[in-house]
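Let's take a walk through this structure together, one stop at a time. Have the sequence and the 3D view ready, and follow along as we go.

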Amino acid sequence: MKVVPSRSNEWVGPVTSQRPASAIIEIDRVSQVFQTSARKDHLALSDISLTIEEGAFVSILGPSGCGKSTLLYIVGGFVSPTSGGAKMKGKTITGPGPDRGPVFQEFALFPWKTVLGNVMYGPRQQGVRPTEAEVQSRALIEMVGLKGYENFYPKELSGGMKQRVALARTLAYHPEVLLMDEPFGALDAHTRTRLQNDLLNIWERDRKTVLFVTHSVDEAVFLSDKVVMMSKSPGRIRQVIDIDLPRPRRRNELLLDPRYQKYVVDIERMFDEVDDPGSRS
Amino acid sequence: MTSLAAAARRAAPVFACIGLLAAWQVASLALKNDSFPTAIEAIRAIPDILGDKESLINILASLRRMAIGFAIAVLVSIPLGLLMGRSRAVAAFFNPLLMVIYPVPKAALMPIIMLWLGVGDITKTLVIFLGVSLPVIYHSFEGAKAVEEKMLWSGAAMGLSSVQRLVRIVLPAALPEILTGCRTGLVLALITMITSEMIARQSGAGNILFNALDMGQYDTVFAMIIIVGAMGICLDAIFERVRARLVRWSEPQFDMPLSFS
Ligand SMILES: Nc1ncnc2c1ncn2[C@@H]1O[C@H](COP(=O)(O)OP(=O)(O)OP(=O)(O)O)[C@@H](O)[C@H]1O
Ligand SMILES: [Mg+2]
């Protein structure tokens, strides 16, 4: 029998053999302290442990400021946690890499590149030939509904369009894990639904692992295998809910499904408990 | 309406020049001072200068020094400024040095540099280099500091090394700011070029100007001022063209009427 590593106290070094067969990302007792300008320590994340299985779609749900983005940055390797650590495929994460593709809340597009230039950037960096990268990128741009905008600069796009370019730019270099920080936050309801469906289609085809931050309960239940409910000050995992709904998921079927409705209602109630007004004032 | 506005915009600099010359003419006629020739007298002296082979060689020599000093300054200052903007250690090392050099008029260093390097091209080019460097370093520094972190993170996730991020993300992202510094630098190059030739009289446009001043040929003096001014306007206009092309992606919409028009 294998020992269960996430409960063991001896968590040091990249011991590949001990990791559960299907785990791709293991977050182990991560805490993050920020120094605020007032020179006070602010505990943004407290003792987060979470294992994400390969090919799973996991959503992180929680009130604003509970540390969802910070957790994503730690998995991305952009921020190193104050204590604890995260592993990707058994190897301790020490920095960013093309195996983990972020889609940031702030888009972070390259403003000097056109839409096409932005989307081609990753593949080109990875050594894909220009003509090939262009064909792939044009297809992705079409998929996110921006056909005809290939030669626009980011400043010429609306917020929702920028967000779609950011998604296409990350998908273009085929990361094994997608780290998405409220990628549909700035979209209108219609486009949002369309992109959710597109994302599900991509995901059902490629079975990429997705870590998806959102504050929409509907979205989390619709998309995910697992919903991680976080609470605020300090950021903690309150509960992990398995979403046991059949796939492929069709929106029109799911909305009528009583199981779906129960998940949404239950999680919304949980959200209310977590985000009590007393802690916000 | 719009074509009228466009015509007005194109004609505006011409009107400005004509207005300036007219004011000069009037002021000079009113003052009746020997050392203040009229605009027309000064303009008449221009062909004499530009027709004279010796003067032309002098002016071209000035421009050559200026171009070399400017080019070397830009090539050194941009990387330095960008590094300072992205590395606290580099900034901490260079900041005090630059703070010492900043307030010193570069031409004031000339006598010392002349003692070391003589009165030749090297001294003058070095002074131009010093004059151009600081604004370019400063703007590159500010531009690099302001680069959005998530942009660098995106690059890192795509596999760009730190050097690649500096060259392929920080440099283009900071380019609008860098070019603002270069534009200031270009004007300063012209200024330091003339002052360096005032101090080390040997050749150059400044030499013609100050020799004429010594000999009381005031129309030549003012003709040289016009020529130098025209050079400044042309260089700036050419630079502005290049700049606008390079940073088209960042240009804000210009013609937002305030309340008039
Ligand atoms: N660089 C930083 N310096 C200091 N404090 C920070 C920093 N980044 C985040 N924080 C703090 O950490 C906490 C969590 O921030 P984070 O951005 O991860 O929240 P979030 O859950 O993503 O919120 P939102 O849903 O609004 O995006 C916040 O209280 C924030 O003030
Ligand atoms: Mg966030």
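**Salt bridges, a helix, a hairpin and an interface**

At 22% relative accessibility, Arg247(A) counts as partly exposed. Asp225(A) sits in the loop between helix H6 (217-223) and strand E9 (226-231) of chain A, while Arg247(A) sits in the loop between strand E10 (236-242) and helix H7 (251-254) of chain A, so the pair ties together parts that are 22 residues apart in sequence. Keep in mind as you look that this is a predicted model.

Now turn to chain B, where the side chains of Arg65(B) and Glu197(B) meet in a salt bridge, 2.7 Å from N to O. This pair links distant parts of the chain: Arg65(B) belongs to helix H3 (residues 53-86) of chain B and Glu197(B) to helix H8 (residues 162-199) of chain B, 132 residues apart. Both Arg65(B) and Glu197(B) are buried. They also belong to a network of salt bridges that includes Arg64(B) and Asp121(B). Over all chains, the structure holds 21 salt bridges.

Next, find helix H3 (residues 130-143) of chain A. Which residues of H3(A) are buried? They are Ala133(A), Ser137(A), Leu140(A) and Ile141(A). These residues cover an arc of only 100° around the axis, which puts them on the same side of H3(A). Helix H2 (115-125) and helix H4 (159-171) of chain A are among the parts that cover them. On the face turned away from that buried side you will find the exposed residues Thr131(A) and Val135(A). After H3(A) comes Gly145(A), with a positive phi near 80°.

Chain A also has a hairpin to explore. Strand E1 (residues 23-35) and strand E2 (residues 41-53) of chain A pair in the antiparallel sense over nine bridges. One example is Ile27(A), whose bridge partner in E2(A) is Leu50(A). Five residues lie between the strands, and in this hairpin Arg39(A) takes a positive phi near 60°.

Finally, look at where the chains meet. Here 23 residues of chain A are in contact with 19 residues of chain B. About 1900 Å² is buried between the two chains, and carbon and sulfur atoms give 65% of that area. How many salt bridges does the rule find across this interface? It finds one, and Glu106(A) forms a salt bridge with Lys150(B), the closest N and O atoms being 3.0 Å apart.

How values were computed. Residues numbered from 1 in each chain as written. Chains lettered and ligands numbered in written order. Predicted model: local features only at pLDDT ≥ 70, side-chain atom pairs only at ≥ 80, totals over all residues. Heavy atoms only, no water. Buried < 20%, exposed > 50% of the residue type's maximum accessible area, 1.4 Å probe, protein only. Helix = DSSP H or I, 4+ residues; strand = E, 2+ residues; numbered from the N terminus. Arc of directions from axis to C-beta. Contact = heavy atoms within 4.5 Å. Pairing = 2+ DSSP bridges. Buried area = accessible area lost by both parts, 1.4 Å probe. Salt bridge = Lys/Arg side-chain N within 4 Å of Asp/Glu carboxyl O.
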